[in-house]
Amino acid sequence: MSASFLSGELTTIALCWRIERRDGVTIGLTDHDRDLVIDGLVHRAAPGMTPSAIKRSDGLEADTMDVTGALTSAAIGARDLLAGRWDGARVMLFAVDWTGAAGRVDLGEGLIGAVETEGDAFAAELRGASALLDGPVVEETSPECRAELGDRRCRVAMAGRRRFVRVVAADGAVLTLDAVEPLANAYGNGRLRWFGGGNVGLEAAIASSDSAMVTLRRETVFAVAPGDLVELTEGCDKSIATCAARFGNAANFRGEPFLPGIDLLTRYPGA
């Protein structure tokens with residue numbers, strides 16, 4: 001799309017952000033002093049939103065950018081940022097003509113990485129597609145399984161291993177539910193996803209489960225009310241014993257439990 005508004009004697013440039021969260025919520029923000037409607041989405045005025053210098057290259061270095069802003073918008077709050085609602089959200093940054101003339105310049109896009117808050121301001125790192133090149137090329141050996149329960153490498157069928165229940169009571173990180181687990185510690189190392197209440201859309205790691213109670217690895221960010229709907233997903237401790245005995249899936253175990261460790265080099269006769 002043409003961007004003739006960049007070449008005028010008087011520029012009318014407005015920077016805009018389109019942010020798409022993983023739970024489907026999409027918001028628009030602009031550094032202009034009034035709201036703008038772009039592609040059917042209202043981009044709310046947020047003059048405090050400013051991007052850092054945008055560095056793009058054709059090399060293998062990861063393209064990154066920082067965005068800072070004030071926590072004054074009802075759409076982005078400190079508790080939501082710290083709770084992880086915005087982790088992994090897709091952000092598209094572009095420039096438009098705030099007078100409404102045709103034209104748009106895409107400046108970059110990426111996923112929200114590290115987020116920091118200080119007072120009434122926040123700073124978020126945007127990681128572009130080339131940031132994936134920073135990941136390891138090959139996996140390191142480990143005695144525990146490196147797959148996630150139910151993924152394409154694990155191949156355990158998750159049908160029947162997820163269920164919806166409601167919270168009866170909450171005491172810190174311990175939740176009492178209206179249904180008991182199918183077997184001992186079935187949800188230990190599993191996941192809990194909130195479908196109701198103040199924590200809706202968030203996920204939590206489960207440390208252990210016992211009958212109708214589950215213990216989360218940390219307390220919830222927002223208050224829990226009786227009747228809140230949650231989804232429980234069974235977990236796995238990633239050991240070969242559990243993989244074989246509980247899931248019958250030792251053939252797909254993605255670890256090396258019998259590989260000698262580095263301590264083999266320090267052994268000597270009679271030790």
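Lys-238 and Glu-148 form a salt bridge, their closest N and O atoms 3.6 Å apart. A salt bridge here is a side-chain nitrogen of Lys or Arg within 4 Å of a carboxyl oxygen of Asp or Glu. The pair links distant parts of the chain, 90 residues apart: Lys-238 sits in the loop between β15 and α2, Glu-148 in the loop between β9 and β10. Strands (E, at least two residues) and helices (H or I, at least four) are DSSP runs, numbered from the N terminus. Lys-238 is partly exposed, at a relative accessible area of 21%. The scale calls residues buried under 20%, exposed over 50% and partly exposed in between, with a 1.4 Å probe and protein chains only.

This is a predicted model: local features need pLDDT of at least 70, side-chain atom pairs count only at pLDDT 80 or more, and totals for chains, interfaces and linings use all residues. Residues are numbered from 1 along each chain as its sequence is written, and side-chain values use heavy atoms, with hydrogens and water left out.

Glu-256 and Arg-146 form another salt bridge, with 3.0 Å between the closest N and O atoms. This pair spans 110 residues, from the segment after α2 (240–245) to the loop between β9 (121–127) and β10 (162–171). Glu-256 is partly exposed at 25%. Arg-146 is partly exposed, also with a value of 25%. Shared partners join Glu-139, Arg-146, Arg-153 and Glu-256 into one network. The salt bridge count comes to 13.

Now the space. A pocket is an open set of points on a 1 Å grid over the protein atoms alone, where a 1.4 Å probe fits, with protein on both sides within 12 Å along at least five of seven lines; lining residues have an atom within 4 Å of a point. The second largest pocket holds about 300 Å³. Of its 14 lining residues, Glu-148, Gly-190, Arg-191, Thr-233 and Glu-234 are closest to the centre. β12 and β15 (229–233) each supply at least two lining residues.

The largest pocket holds about 460 Å³. Its lining has 21 residues, with Ala-83, Arg-191, Leu-202, Glu-203 and Ala-204 nearest the centre.

Which strands make up the closed barrel? Its 6 strands run β10-β11-β14-β13-β12-β15, with antiparallel pairing. Two strands pair if DSSP finds at least two bridges between them. β12 and β13 have 3 bridges, in the antiparallel sense. Leu-192 has Ala-204 in β13 as its bridge partner.

Key:
Grid points are joined across faces, edges and corners, and a volume is the space filled by probe spheres set on the points.
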